[in-house]
Amino acid sequence: MKTKDVPTHAYNYILENMVDGLFTVDTNRVITFWNKAAEEILGFKKEDIIGRHCDVLESPTCMGTAASKSEGCCALFATGRDVRKRCIVTAKDGSKKYLLKNARLLKDEQGAVIGGGLEVGYGIANPTQKF
C-alpha cells in the first residue's frame, strides 16, 4: 500500500494511540494537537489545553518558557534543528515530570514552517540518569 493510499483516519488513530505523548504547536507556540498519551502523562485533557500557549507547561528546559518568550526565541523555531533532550515539565497537578523530548519543525507542501511537533517520552524514573 502506498503512503498516499493510507486513509487519514488511520494516521489519526496512530497519533491518538501511540505510547508516547505527542502534541503540536503553531508558529506562535499555541498548542494545536494533544494525544491520549500526553493526557495520561501530564494530566491535561485535550479540550483544556488545545488553544493555550505551550508555556502553560512551565518548563525551564523547554521551548515555551517565559525567558524564551520574552527573548522572542525558541530553540526549535530559532535554529530549525531537531531538538532531542531531557525536559522538565509541570503537569496539571503541579508535579514536575522528567521526560525525554523530541521536537521537529512541521512544514507545509511548499516547505514553509507551520508549527512544531513534539513527542514527549514517558517519564524518567531517575532524573539524574545519563543518556
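Two strands count as paired if DSSP finds at least two bridges between them. Strands (E, at least two residues) and helices (H or I, at least four) are DSSP runs, numbered from the N terminus. The model is predicted: local features need pLDDT of at least 70, side-chain atom pairs count only at pLDDT 80 or more, and totals for chains, interfaces and linings use all residues. Residues are numbered from 1 along each chain as its sequence is written, and side-chain values use heavy atoms, with hydrogens and water left out.

Five strands form an open sheet in the order β2-β1-β5-β4-β3, with antiparallel pairing. The edges are held by β2 and β3 (83-90). Each has a single partner strand, so one side of each lacks a neighbour in the sheet. From one strand to the next, the twist averages 30°. Axes here are lines fitted to C-alpha atoms, for helices over the stretch in contact, and angles run from 0 to 180 degrees between N-to-C directions.

Strands β4 (residues 96-107) and β5 (residues 113-120) pair in the antiparallel sense over seven bridges. Within this part of the sheet, Asn102 stands opposite Glu119 in β5. The hairpin of β4 and β5 has five residues between the strands. Gly111 takes a positive phi there, near 90°. Strand β5 also runs antiparallel to β1, joined by six bridges. Here Phe23 has Leu118 of β5 as its bridge partner.

Aromatic rings were examined next. A pair of aromatic rings is described by the distance of the centres and the angle of the planes. Rings of Phe, Tyr and Trp (its six-membered ring) pair if their centres lie within 6.5 Å; planes under 30 degrees apart are stacked, over 60 edge-to-face, and the rest tilted. By this rule there are two aromatic pairs. Phe23 and Trp34 form a tilted pair, 5.1 Å centre to centre, with 45° between the planes. This pair links distant parts of the chain. Phe23 lies in strand β1 (residues 21-26) and Trp34 in strand β2 (residues 31-34), eleven residues apart. Both Phe23 and Trp34 are buried (under 20% relative accessible area, with exposed over 50% and partly exposed in between; 1.4 Å probe, protein chains only). The ring centres of Trp34 and Phe44 are 6.3 Å apart and the planes stand at 90°, so this pair is edge-to-face. Phe44 sits in the loop between α2 (36-42) and α3 (46-49), ten residues from Trp34. Phe44 is buried, as is Trp34.

The largest nonpolar core has 23 residues. Such a core is a set of buried Ala, Val, Leu, Ile, Met, Phe, Trp, Tyr and Cys residues joined through side-chain atoms within 4.5 Å. Phe23, Ile31, Trp34, Leu42, Phe44, Ile49 and Leu57 touch the most other members. Two or more residues come from each of β1, β2, α2, β3, β4 and β5.

Contacts (heavy atoms within 4.5 Å) were listed for two of these residues. Beyond four places in sequence, Trp34 touches residues including Glu16, Leu22, Glu39, Lys45 and Ile50. Ile49 belongs to helix α3. At 0% relative accessibility, Ile49 counts as buried. Leaving aside neighbours within four places in sequence, Ile49 contacts Ile31, Trp34, Phe44, Val56 and Leu57. The C-alpha atoms of Ile49 and Thr32 are separated by 8.7 Å, with the residues 17 apart along the chain.
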